[in-house]
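Please study the sequence and the model displayed here.

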Amino acid sequence: MRVQASARLIPDTPLQVSVTAGRHSFVADEPESYGGTDVGPSPGQMMLAALGACQIMTFQIWARKLGLRMDGVEVSVSGDLDPQSWIGEESSNRPGFSQILFKATVTGPEPEERYAELARLVDEHCPIMDSLLDVVPVLTEVEFKSPDQVS
């Protein structure tokens, strides 16, 4: 299964990006403090949200698979970024997250050991977690067009 998304700078905006993911469309932006207009989540927030959503879905799939009753699952995801490196200012830090803090809270009547096994399987099978923990090759192609070639 190939998953696909596309993005395009919204003309006459500082950093707003129109994103299409399957049948869904939304706007990504940055807070005003980073030069955006804060009309949508930042790419970093979307990445953390993707991890949280994928973990919750994987909890649900594996709870069902194991026959575990799970009344609810909530996650909190945060990460530390150094924006100076991103915008080209002096910094010894990498532009990406230096760490991501993930916390899940599972509620339900099962013994704690069963939920611990569930959590282990979730981390093992969550595609977004896997992509963050193991280096994924990114094949990059950049095409340059003159203004008269743009449709």
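Q: Is C126 buried or exposed?
A: The model is predicted, so local features need pLDDT of at least 70, side-chain atom pairs count only at pLDDT 80 or more, and totals for chains, interfaces and linings use all residues. Residues are numbered from 1 along each chain as its sequence is written, and side-chain values use heavy atoms, with hydrogens and water left out. A residue is called buried under 20% relative accessible area, exposed over 50%, and partly exposed in between, with a 1.4 Å probe and protein chains only. Because its relative accessible area is 0%, C126 is buried.

Q: How many disulfides does the structure hold?
A: A disulfide is a pair of cysteine sulfur atoms within 2.5 Å. The sulfur of C126 is 3.2 Å from the closest cysteine sulfur, that of C54, and is therefore too far away for a bond. C54 is in no disulfide. The number of disulfides in the structure is zero.

Q: Is C54 buried or exposed?
A: The relative accessible area of C54 is 12%. Buried means under 20%, so C54 is buried.

Q: Which residues does Y115 touch, not counting residues up to four places away in sequence?
A: Contact means heavy atoms within 4.5 Å. Y115 is itself one of the residues of the largest nonpolar core. Beyond four places in sequence, Y115 touches R69, M70, V106, T107, G108, P109 and E110.

Q: What is the orientation of α1 and α3 to each other?
A: Axes are lines fitted to C-alpha atoms, for helices over the stretch in contact, and angles run from 0 to 180 degrees between N-to-C directions. The two helices pack at an angle of about 125°, with their axes 9 Å apart. Angles under 35 degrees count as roughly parallel, over 145 as roughly antiparallel, 65 to 115 as roughly perpendicular and the rest as oblique. The orientation of α1 and α3 is therefore oblique.

Q: Which residues of α3 meet α1?
A: On the side of α1, the residues are Q55, T58, F59, W62, A63 and L66. Their partners in α3 are R114, L118, A119, L121, V122, D123 and H125.

Q: Is E124 buried or partly exposed?
A: E124 lies in helix α3. Its relative accessibility is 47%, so E124 counts as partly exposed.

Q: Where is D12, and is it buried or exposed?
A: D12 lies in the loop between β1 (5-9) and β2 (17-21). D12 has a positive phi of about 65° although it is not a glycine. Because its relative accessible area is 82%, D12 is exposed.

Q: Is Q16 buried or exposed?
A: Q16 is found in the loop between β1 and β2. Leaving out residues up to four places away in sequence, Q16 touches R8, L9, I10, V27, A28, D29, T37 and V39. Its relative accessibility is 15%, so Q16 counts as buried.

Q: What is the phi of D38?
A: D38 is found in the loop between β3 (24-28) and α1. D38 is not a glycine, and its phi is positive, at about 60°.

Q: Is F97 buried or exposed?
A: F97 is found in the loop between α2 (83-86) and β5 (99-107). Not counting residues up to four places away in sequence, F97 touches G44, M47, L48, G79, D80 and L81. At a relative accessible area of 13%, F97 is buried.

How values were computed:
A nonpolar core is a set of buried Ala, Val, Leu, Ile, Met, Phe, Trp, Tyr and Cys residues joined through side-chain atoms within 4.5 Å. Helices (H or I, at least four residues) and strands (E, at least two) are DSSP runs, numbered from the N terminus.
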